[in-house]
Amino acid sequence: MSNNEFKSGFVSIIGRPNVGKSTFLNRVIGQKIAIMSDKPQTTRNKIQGVYTEDQAQIVFIDTPGIHKPKHKLGDFMMKVAQNTLKEVDLILFMINATEGLGRGDEFIIERLKDTKTPVFLVINKIDEIHPDELFSIITNYKDLYPFAEIVPISALQGNNVGRLLDQIKQRLPEGPQYYPADQVTDHPERFIITELIREKVLHATREEIPHSIAVVMDSMQRRDNGAVYVGATIIVERDSQKGIVIGKQGKMLKEVGRKARADIEALLGSKVFLELWVKVQKDWRNRASHLRDFGFRE
Ligand code: GDP
Ligand code: MG
Ligand code: K
């Protein structure tokens, strides 16, 4: 019997905001494709990171945070996340080793009970705890759900990430190589670029701007000189937020543009000219009809 059949499958990463899902994905894929931030819910769309080896391909889905919906966007995210869980081959439920079991975790565990997909409990940030603490975390979670594996890791430092990949590969069915080996994401560069800009706005404005912003790309073209020209609009909900994002004499927006441009240049490997506008679109989160316009997909 041959034991070198190619294995492939889809793996969904779920967990409360800030447990380290994007950090993990970026470490595995080795490129900045998921957006990292100290603010919760930075990742709203599905991001597929594709990890390819000689005999296996893992397609990761960085699922939007599953949590109790507070508004239309929340409902929408929930639906996307729940459908995703049923379609994938394996679910990684990631928790933060430094935080106790919270209501958010309990809510996710309830959702897991609705699916037959196997689930790994991934205990992240073990670099921040004493090894003795790990034992009690494992004991607590073991009783809550029949996890297929329990794997402690540090996504930031890389500890045990290789072992987790091995365990994932063991669970994958035989299957085709869905993507070329050099393809790390199926999202268009446009989406990554708007996410990079959004990340810079969230960082720069700290607590003043909630998650009620979206970034849409108006234009992107490579000119004869090899440089890429990008025009994008930052959409906020209130006039006051527009003022904050622009800043005194446009200082904030300039700073956002400078940082975003540096990241986009690194991503594209070309010189980039970035022009940003800010627009007020009142209450956009509750207007489901606009979701599609802002790039949300079901
Ligand atoms: P997400 O919301 O689940 O995608 O979380 P992120 O990947 O954005 O990470 C949230 C924060 O936790 C960031 O500041 C990361 O640097 C940090 N973080 C992620 N993984 C680890 C880890 O293994 N150890 C430590 N100490 N910090 C981590
Ligand atoms: Mg994330
Ligand atoms: K985050």
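Predicted model: local features only at pLDDT ≥ 70, side-chain atom pairs only at ≥ 80, totals over all residues.
Overall, the count comes to 12 salt bridges and four aromatic pairs. Here's a tour of some of them.

**Salt bridges around lysine 169**

- Side chains of opposite charge can pair when their charged atoms come close.
- Lysine 169 forms a salt bridge with glutamate 53, and the closest N and O atoms are 2.8 Å apart.
- Lysine 169 lies in helix α5 (residues 161–171), while glutamate 53 is in the loop between β2 (48–52) and β3, so this pair ties together parts that are 116 residues apart in sequence.
- Lysine 169 also makes a salt bridge with aspartate 166, with the closest N and O atoms 3.3 Å apart.
- Those two partners, lysine 169 and aspartate 166, are three residues apart in helix α5, which puts about one helical turn between them.
- Buried or exposed: which is lysine 169? Lysine 169 counts as buried because its relative accessibility is 16%, and the cut-off for buried is under 20%.
- Glutamate 53 counts as partly exposed at 29% relative accessibility, and aspartate 166 is partly exposed too, at 39%.

**Another salt bridge**

- Lysine 113 and glutamate 110 meet through their side chains in a salt bridge, 3.3 Å from N to O.
- Lysine 113 is partly exposed at 47% relative accessibility, and glutamate 110 is partly exposed with a relative accessible area of 41%.

**Aromatic pairs**

- Among the four aromatic pairs is the one made by phenylalanine 24 and phenylalanine 60: their ring centres are 5.8 Å apart and their planes sit at 85°, so the pair is edge-to-face.
- This pair links distant parts of the chain, with phenylalanine 24 in helix α1 (residues 21–29) and phenylalanine 60 in strand β3 (residues 56–62), 36 residues apart.
- Both phenylalanine 24 and phenylalanine 60 are buried.
- Phenylalanine 93 and phenylalanine 147 form a stacked pair, 6.3 Å centre to centre with 25° between the planes.
- Here, too, distant parts of the chain are linked: phenylalanine 93 is in strand β4 (residues 90–96) and phenylalanine 147 is in the loop between α4 (131–142) and β6 (149–152), 54 residues apart.
- Phenylalanine 93 and phenylalanine 147 are both buried, and together with Tyr145 they form one aromatic cluster.

**Charges over rings**

- Arginine 111 has its charged end over the ring of phenylalanine 107, 4.5 Å from the ring's centre.
- Arginine 223 does this with tyrosine 229: its charged end sits over the tyrosine ring, 3.6 Å from the centre.

Definitions and conventions
Residues numbered from 1 in each chain as written. Chains lettered and ligands numbered in written order. Heavy atoms only, no water. Phe/Tyr/Trp six-rings, centres within 6.5 Å; stacked < 30°, edge-to-face > 60°. Helix = DSSP H or I, 4+ residues; strand = E, 2+ residues; numbered from the N terminus. Buried < 20%, exposed > 50% of the residue type's maximum accessible area, 1.4 Å probe, protein only. Lys NZ or Arg CZ within 6 Å of the ring centre and 35° of its normal. Salt bridge = Lys/Arg side-chain N within 4 Å of Asp/Glu carboxyl O.
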